[in-house]
Amino acid sequence: MKNQYLSWKTFACITTFLVLLPLLAVIYQAFDSDINNLIHFWNTTLSNYAIHSSLLVIGTVSLALLFALPSAWIVANYQFWGQKTLQWLLCLPLAMPAYLIAYLYTDLLDYSGSLQKLLRSIFGWEMPQDYWFPQIRTLYGACFVLALVLYPYIFLLTRVALLEQSENLIQSAKLLGASPIQIFRRITFPLIRPAIAVGIALVAMETLGDFGTVSYFAVTTLTTAIYDSWLGFQDLGTASRISIFMLLIILFFIILEQYSRHKQKHYQRGYEKKKSFQKLTGWKLVVVYLWCGGLLSLAFFIPFGQLLYWSYDYFEQSWNLDFMEFAINSLKVSITASILTVSLALILQFTHRLSRNSKIWSSITKSFLQFSSLGYAIPGTVLAIGLLSPLSFADHSLHSILKYFELPTVGLVFSGSIFALILAYTIRFLAMAIGSLESSFSRISPALDMASQTMGKNGFFMFRKIHFPLISKGIITAGLMVFIESMKELNASLLLRPFNFDTLATHVFTFTSDEQLERAALPAIVLVLVGLIPVIWLTRSLISQSEKER
C-alpha cells in the first residue's frame, strides 16, 4: 500500500515540476544572458512598450467596468421580460476572440469602411479633411475592443455578489434613515467590492497577455516586445527578462484576486432573507433594453452576423482542403491535450485525497495543486518562451545519445513537433481541469474511501472502482473545457507550431493580419461556435446555482 501511495505522489511531483518548468527556464534564461541588449532596448523603445501596456490595462479595465457594472446592477435588481435570458446573453462576448472583433470593426469603421462611406454619401464629404471620425486602429480602439470581449468577467462576478446580499441589511439601513446613496456607499459597495476586484484582476491579466488585437492595431506592448526581441532580434535572453517583468505584474493581480477572495469570506455570511426584485416599466424599461441590446449588438451580434454573412458569401473559397487540414490539426492537438491534461489533473487530485490522513503530505499535495494551477496565469507568449529552451535541450540530448550509439537521428522531436503545442496547452489549461475535478471529488464521501481501505482495496483499484464512476461527469466537463480552450489558443500556437502546421486559430489570425478575414470567416465561425459551448454552459450553471441559493 505504501508503494502505491509513493507512486501517486511521485507522479504528482513530476506533474508539478512539468508546470513549473517554463517558469524556471524563463528565470534561468533571464539571468544567463547578456544584459546590454536589454539596457539598449530600455533606452530606446521598451519604456514606451511598458507605458502602452499600462495605458491599455487601465483603459480596458475602465471601459469593462463601464459596460459591466450597470448591466450587472440591472439584471440583479430589477424584474422585466427577458431578464433571465439577458443574464447569460450578456456573457456571450467571451466566446468571441478579440482579434476578430478588432478586424471586423476596422472593416466597418475605417476610412474605407461602410459606415464612413455612408456618412460621406449623406453629407457630401469628399476628403478626410472635411470631417472628423475617431480612429479605431489606436490604443484607445484596442481598449474598446478588449473591453467588449472581457467585460463579462466583471459582470458575472458582480451580478452574483449583488444577488447574495441580504434584504435585511437594506431594510435596517432604511429604518435608520439612510438615503439610497448612503446605502450604496456603506453597504452595497463594500459587499460587492471584492467581486469587482477579482473581475478587474482577470480582465487586467487577459489584457496584458493579449497579442492578436494589439498586433493588428500596431499597438506596442510588453507582449509585442517579447515577439520583437525573440523573433525580430533573435534575442531570447531579453525576451525572457521582459517575460519576468510581465510575470511580476501578473503576480500582483493574482495577489489582488486572492486578497479580494479572502475579504469576501468576511462579507458574505448569515442571510435570513434574500433581496427582492423591483419591476421595471415605462421609459426605464426602454432604457434598459437600449443599453443591454446595444452592448450585446456591439460585442457579439454585429461581429457574429458579419462572420455569418462572409461565411455564406465566401463558402466556396473557405470550404477547401486547407480548411479540412487545419480543422484536423486543431482536433488532433486539442483532443490529445485534453486527454493528457485531465489525466494529470486526476493524478494530482487523487494524490491529494489519498494524503488527507497525513497533515504533512496533505499540505504538500495541496501545494502541488496550487503550483500546478499557475499555468493559466502564464500568458501564452511567456509560456512559449519558457518551453523553448528545455525542449531544445531535450532535442540536443536525444541527438547526442543517438549519435553516441550510432543510431539514425530523428530531428526535432520535442521542439519541432506538435509535442511542444500539446505540452503548452496542457500546462496552460491544467488549472481548469483541476478546478472542475476538485468540485467532483469534494462530493465523494470520505466514508467510501475508508470502507475500501478496510476491505484492502487501495490506490488504483479504489480509484477505478469507486472514484472514477462517481466523477465521470466531472471528467467529461474538464476534458470538454480544455478541448475548447485549446482550439482557441493563439499566442502559444503562433510561436510553438511546427513548420507548415496551422490550427484554425493560427489560420484565422494569418488571414486577419493579411486583411483577408472574409476567406477565413468559416473557420472563425467554427471557433466562435465552439467557444459558445463553455460560455453558455458555465454561465447558466452559475445562474441556476445562485437561484437555488436564493
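Contact, in this tour, means heavy atoms within 4.5 Å. The structure on display is a predicted model, in which local features need pLDDT of at least 70, side-chain atom pairs count only at pLDDT 80 or more, and totals for chains, interfaces and linings use all residues. Residues are numbered from 1 along each chain as its sequence is written, and side-chain values use heavy atoms, with hydrogens and water left out.

**First stop: Ser 240**

Please select Ser 240, which is placed in helix α11 (residues 236–267). Helices here are DSSP runs of H or I with at least four residues, and strands are runs of E with at least two, numbered from the N terminus. Ser 240 has a relative accessible area of 0% and is therefore buried; buried means under 20% relative accessible area, exposed over 50%, and partly exposed in between, with a 1.4 Å probe and protein chains only. Apart from neighbours within four places in sequence, Ser 240 is in contact with Val 26, Gln 29, Ala 30 and Ile 385.

**Second stop: helix α10**

Next, select residues 222–232, helix α10. Eight of its 11 residues are buried, so the helix is largely enclosed by the rest of the structure. Among the buried residues are Tyr 227 and Trp 230. Just after α10, Gln 234 takes a positive phi of about 55 degrees.

**Third stop: the nonpolar cores**

A nonpolar core is a set of buried Ala, Val, Leu, Ile, Met, Phe, Trp, Tyr and Cys residues joined through side-chain atoms within 4.5 Å. The largest one has 162 residues, and Leu 100, Tyr 151, Leu 307 and Leu 517 have the most contacts inside it. Helix α6 (residues 139–163) gives the most to this core, with 16 residues. Apart from this core lies another, of five residues, including Ile 170 and Ile 183. Now centre the view on Leu 307: not counting residues up to four places away in sequence, Leu 307 touches Met 96, Leu 100, Leu 104, Leu 517, Ala 521, Ala 524, Ile 525 and Val 528.

Select residues 418–442, helix α17. This helix has 25 residues and reaches 35 Å from its first C-alpha to its last, close to the 36 Å expected at 1.5 Å a residue; the expected span is 1.5 Å times one less than the number of residues. α17 bends by about 50 degrees at Phe 429, the bend being the angle between axes fitted to the seven residues ending there and the seven starting there. Of the 25 residues in α17, 19 are buried.

Which residue meets Arg 428 in a salt bridge? The partner is Glu 489, at 3.3 Å from N to O. A salt bridge is a side-chain nitrogen of Lys or Arg within 4 Å of a carboxyl oxygen of Asp or Glu. Arg 428 lies in α17 and Glu 489 in the loop between α20 (472–488) and α21, so the pair ties together parts that are 61 residues apart in sequence.

Glu 485 and Lys 488 form a salt bridge at 3.9 Å, N to O. Both lie in helix α20, three residues apart, about one turn of the helix, and both are buried. Then select Arg 497 and Asp 502, whose closest N and O atoms are 2.3 Å apart in a salt bridge. Arg 497 is partly exposed, with a relative accessible area of 29%, whereas Asp 502 is buried at 17%.

**Final stop: Asn 500**

Select Asn 500, in the loop between α21 (491–496) and α22 (504–513). Phi of Asn 500 is near 60 degrees, a positive value in a residue other than glycine. Asn 500 counts as exposed, at 78% relative accessibility.
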